[in-house]
Amino acid sequence: MLDDNFRQFIKEQIALPEKKWDSAFVDYIQKKYQELQKETGHFTAEQELEKGFQRYLDCLDISKDDLMGRRILDLGCGAGDFVKYCLGQGISREAYGLDILIEPEEINPGYRRFFLKGDFEQGIPLKDFDYIFSVAAVDAPYSEEVDRNLRRTVISALVALKHEGEIRIFPVRKAPPASGLAGIDFSRKKWMELLDDLKSKNWINYELRPIDIRAAGNKPDVWLEEVLIINKELVKINF
Ligand SMILES: C[S@@+](CC[C@H](N)C(=O)[O-])C[C@H]1O[C@@H](n2cnc3c(N)ncnc32)[C@H](O)[C@@H]1O
């Protein structure tokens with residue numbers, strides 16, 4: 001996990017055109033790019049689970065202590081390892097996963113009731129969560145051709161949240177100016193339009209907190225990844 005000063009530094013750098021980047025930022029991009037090329041190594045199933053849980057904490061910028069005893073929902077939970085870890089380690093007795101591709105009958109019977117098959121764009125079948133998380137699942141469309149109902153997803157999550165609860169979604173991406181990363185620019189614009197609209201109605205407060213950069217592709221392409229933290233302002237939100 002990067003320290004706060006460095007996170008602020010990368011956020012400032014990504015807002016500048018490439019020509020103006022500080023040499024420390026250029027070196028960091030190179031380091032991140034090399035990390036991506038490295039072999040991942042072999043880990044036991046237990047170590048994989050631990051690593052996966054730590055990845056969630058890092059991406060969501062949250063601590064294990066924050067999760068203790070909380071009612072949690074993971075939108076787009078994939079194989080559900082984060083939920084299983086929270087339940088298995090006694091971090092939460094009420095951690096749930098929702099995924100469109102999940103087959104609950106394939107999940108260990110001890111955990112099965114915590115997994116739901118469904119499309120988060122069509123609504124969330126449970127309520128009263130302290131935290132609703134999403135890692136690499138909820139996202140804005142990348143172009144006009146992509147049909148994704150981000151507004152409905154976010155409002156469904158607000159409805160399913162306790163008043164003092166929090167939604168954390170990772171990543172919201174930001175490309176440097178004139179980088180040519182049109183898909184990232186488009187999805188960022190869609191996020192900002194939605195968030196600013198909900199904030200102007202006093203339904204939410206939100207924060208975009210920098211987590212790290214990604215360097216990928218041949219150039220490499222570089223972008224910032226932030227966690228979106230949404231708090232509910234209005235007591236009762238209906239569609
Ligand atoms: C890239 S995986 C990430 C899985 C997990 N969050 C992780 O980080 O390991 C994205 C997951 O989101 C799920 N997903 C995508 N769109 C969805 C939707 N509209 N409703 C429910 N699940 C969805 C996919 O089925 C997939 O399991």
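A178 sits in the loop between strand 5 and helix 7, and its phi is near 55°, a positive value in a residue other than glycine. Because A178 has 10 C-beta neighbours inside 10 Å, it counts as exposed. On this scale a residue is buried if 20 or more other C-beta atoms lie within 10 Å of its own, exposed if 12 or fewer, and partly exposed in between, with C-beta atoms placed from the backbone. The model is predicted: local features need pLDDT of at least 70 and side-chain atom pairs count only at pLDDT 80 or more, while totals for chains, interfaces and linings use all residues. Residues are numbered from 1 along each chain as its sequence is written. Helices (H or I, at least four residues) and strands (E, at least two) are DSSP runs, numbered from the N terminus.

## Loop residues and backbone details

Let's stay with the loops for a moment. D61 is found in the loop between helix 3 and helix 4 (64–67). Its phi is near 55°, a positive value in a residue other than glycine. D61 counts as partly exposed because it has 18 C-beta neighbours inside 10 Å. D147 belongs to the loop between strand 4 (129–135) and helix 6 (150–159). With 7 C-beta neighbours inside 10 Å, D147 counts as exposed. From C-alpha to C-alpha, D147 and K19 are 35 Å apart in space, and they are 128 residues apart in sequence.

Cis peptide bonds also deserve a look. One joins F170 and P171, with omega about -5°, and P171 has its place in strand 5. Another cis bond joins K219 and P220, where omega is about -5°; P220 lies in the loop between strand 6 and strand 7.

An open sheet of seven strands has the order 3-2-1-4-5-7-6, with mixed pairing. Two strands pair if DSSP finds at least two bridges between them. Strand 3 (115–117) and strand 6 (204–216) stand at the edges with a single partner strand each, so one side of each is left without a neighbour in the sheet. On average, neighbouring strands are turned by 15° against each other, direction ignored. For such angles, axes are lines fitted to C-alpha atoms, for helices over the stretch in contact, and angles run from 0 to 180 degrees between N-to-C directions.

| Strands | Bridges | Direction |
|---|---|---|
| strand 2 (94–99) and strand 3 | three bridges | parallel |
| strand 5 and strand 7 | seven bridges | antiparallel |
| strand 6 and strand 7 | 12 bridges | antiparallel |

L98 has L116 of strand 3 as its bridge partner, V172 stands opposite E226 in strand 7, and I204 is bridged to K232 in strand 7. Strand 6 and strand 7 form a hairpin with four residues between them, and G217 in the turn has a positive phi of about 85°.

## Helices on the sheet and on each other

Helix 5 packs on the sheet, touching strand 1 (71–75) and strand 2, and its direction makes about 165° with that of strand 2. Two residues are in contact if their C-beta atoms, placed from the backbone, lie within 7 Å. Helix 6 packs on the sheet as well, touching strand 4, strand 5 (161–174), strand 6 and strand 7 (221–232); its direction makes about 150° with that of strand 5. In helix 6, T153, V154, I155, S156, A157 and L158 are buried. Their cover includes strand 4, strand 5, helix 7 (182–200), strand 6 and strand 7.

Helix 5 (residues 81–88) also meets helix 3 (residues 45–60): their axes come within 9 Å and cross at roughly 105°. That makes helix 3 roughly perpendicular to helix 5, a term for angles of 65 to 115 degrees, whereas under 35 counts as roughly parallel, over 145 as roughly antiparallel and the rest as oblique. Helix 3 contributes L49, G52, F53 and Y56 to the contact, and helix 5 contributes D81, F82 and Y85. These residues divide into five nonpolar, one polar and one charged. Here Ala, Val, Leu, Ile, Met, Phe, Trp, Tyr, Cys and Pro count as nonpolar, Asp, Glu, Lys and Arg as charged, and the others, Gly among them, as polar.

## Around the ligand

The ligand is surrounded by 13 residues, and the closest are G76, G78, I100, L101 and A137. A residue is near a molecule if its C-beta atom, placed from the backbone, lies within 6 Å of it. The shell divides into eight nonpolar, two polar and three charged residues.
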